[in-house]
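The sequence and structure come first.

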Amino acid sequence: MSVHLDHNSTTPMRPEVRKRWLEVVDEKLGNPSSLHASGRRARATVDDARACVAAALGVHEEEIFFTSGATEANNLALFGVLEAAAAERGLVTTSVEHSSVLGPAKELAQCGRRVTLVPVDKEGLPEPAAVGRAAAESPVALVSVTAANNETGALPDLAAVAEALARLPRPRPRFHADAVQALGRLPLRLQELGLDLASFSAHKLGGPPGVGVLWRARGVTLAPRFHGGGQELDLRPGTENVPGIAAAALAIELAVREQPALTQRLARLTRGLWEGLSASLPGVRLLGPPIESSRRLPNTLCVRVPGTDGKVLVTRLDLAGLEVSAGSACASGALEPSHVLLAMGLTRDEARSGLRLSLGWSTTTEDCKRALAVFHAEFSASRAT
Ligand code: PMP
């Protein structure tokens, strides 16, 4: 079995979560909108899952919306807020967001909305005051800043952004975070961070793929993107993925409960991995905030091995039994270098040599040892040829 150090792309499903998913499948529940007994049982399962997610996130049940993933949650947040706002109100986001934020931003700009992309520094962090200034320049409906960058693990200072936004005249912009990579890896107190909306994805924390959550604080108006049978308060109509939702809720509950211990363990393993890499790969550089910085995810190493091509290296490492990624998996079919690394000031060639290793709930000390052995063997072989 290969070693999977690509948890920011997806994580294996936790056994408890898989069990829950299968239980719900085997219960042969009906459509939660049906009035008969199996429909009512399905409704109760979805309601329980919603209560469970709300409790884990410390928010109200009616603020939780189940979606098909964080891509949909991000689209719903951006289009939903902007389309419910007056036409002259725009969007502020950053240049290093996931494509499921930058894509809607591009479409909104094409539809005539004013969209500002705040730049980042060489560690991949936007300056909170710059976000505040961008939101003060013209009327803004929404500010969207990732809680944790999926490629570099950089953690923007969301509380400082919220403070800058709180100083703006009313009506203040709503504040959204793509919190996919942060949940379960960091303590996340949504309201203390001054957020109004946040997106999550179950498959990044041991849950099933194809289930996401949008948290929308009370009082935030969203225009629906889809029209249908009225499910999810008519904001996300469509028959609910009952087994997926039940399993996702358990994964989120477990991830939040176990977060303090997991954060510590991942930080220790990630540091060890970085020390091993820097000892065995000549010239290797860590991208993003420094290893000791509190502004980095405890599980992510984005590195650059000069003279290598990240995508070629990913294939070679894969053949040798190690799964990692070059930039983000969503963009890995593309020939373009990572927009995140380019935004941090790397040249196109430098950005092409970026490699991401990301650890998760199933990563062991043995996995990290095997990964280092693979790197060592690959690089001693390439030095010998
Ligand atoms: N945002 C971030 C930061 C992500 O890493 C991802 C997954 N690559 C997404 C959004 C999209 O999540 P999903 O796969 O659930 O659509």
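## Contacts of Ser100

Setting aside neighbours within four places in sequence, Ser100 is in contact with Ala70, Thr71, Asn74 and Asn75. The model is a predicted one.

Two polar contacts involve the side chain of Ser100. One, at 3.0 Å, links it to the side chain of Asn74. The other, at 2.7 Å, links the side chain of Ser100 to that of His98.

## Position and burial

Ser100 belongs to helix α4, which covers residues 99-110. Its relative accessible area is 6%, so Ser100 counts as buried, the cut-off being under 20%.

## Polar atoms at the ligand

For Ala70 a polar backbone atom is 2.9 Å from an oxygen atom of the ligand. For Thr71 a polar side-chain atom is 2.6 Å from a ligand oxygen atom.

His98, joined to Ser100 by a side-chain polar contact, has a polar side-chain atom 3.3 Å from a nitrogen atom of the ligand. The ligand taken alone exposes 400 Å², and the protein buries 89% of that area.

## The ligand shell

How many residues surround the ligand? There are 14, and the closest are Thr71, Asp178, Gln181, Ser201 and Lys204. By class, the shell holds 3 nonpolar, 9 polar and 2 charged residues.

Helix α3, residues 70-84, supplies the largest share of the shell, with 3 residues.

How values were computed
Residues numbered from 1 in each chain as written. Predicted model: local features only at pLDDT ≥ 70, side-chain atom pairs only at ≥ 80, totals over all residues. Heavy atoms only, no water. Helix = DSSP H or I, 4+ residues; strand = E, 2+ residues; numbered from the N terminus. Buried < 20%, exposed > 50% of the residue type's maximum accessible area, 1.4 Å probe, protein only. Polar contact = N/O pair within 3.5 Å; in protein donor to acceptor, adjacent residues only side chain to side chain. Contact = heavy atoms within 4.5 Å. Near = heavy atom within 4 Å. Areas by Shrake-Rupley, 256 points an atom, 1.4 Å probe, with all protein chains shown as cover. Nonpolar A, V, L, I, M, F, W, Y, C, P; charged D, E, K, R; others polar.
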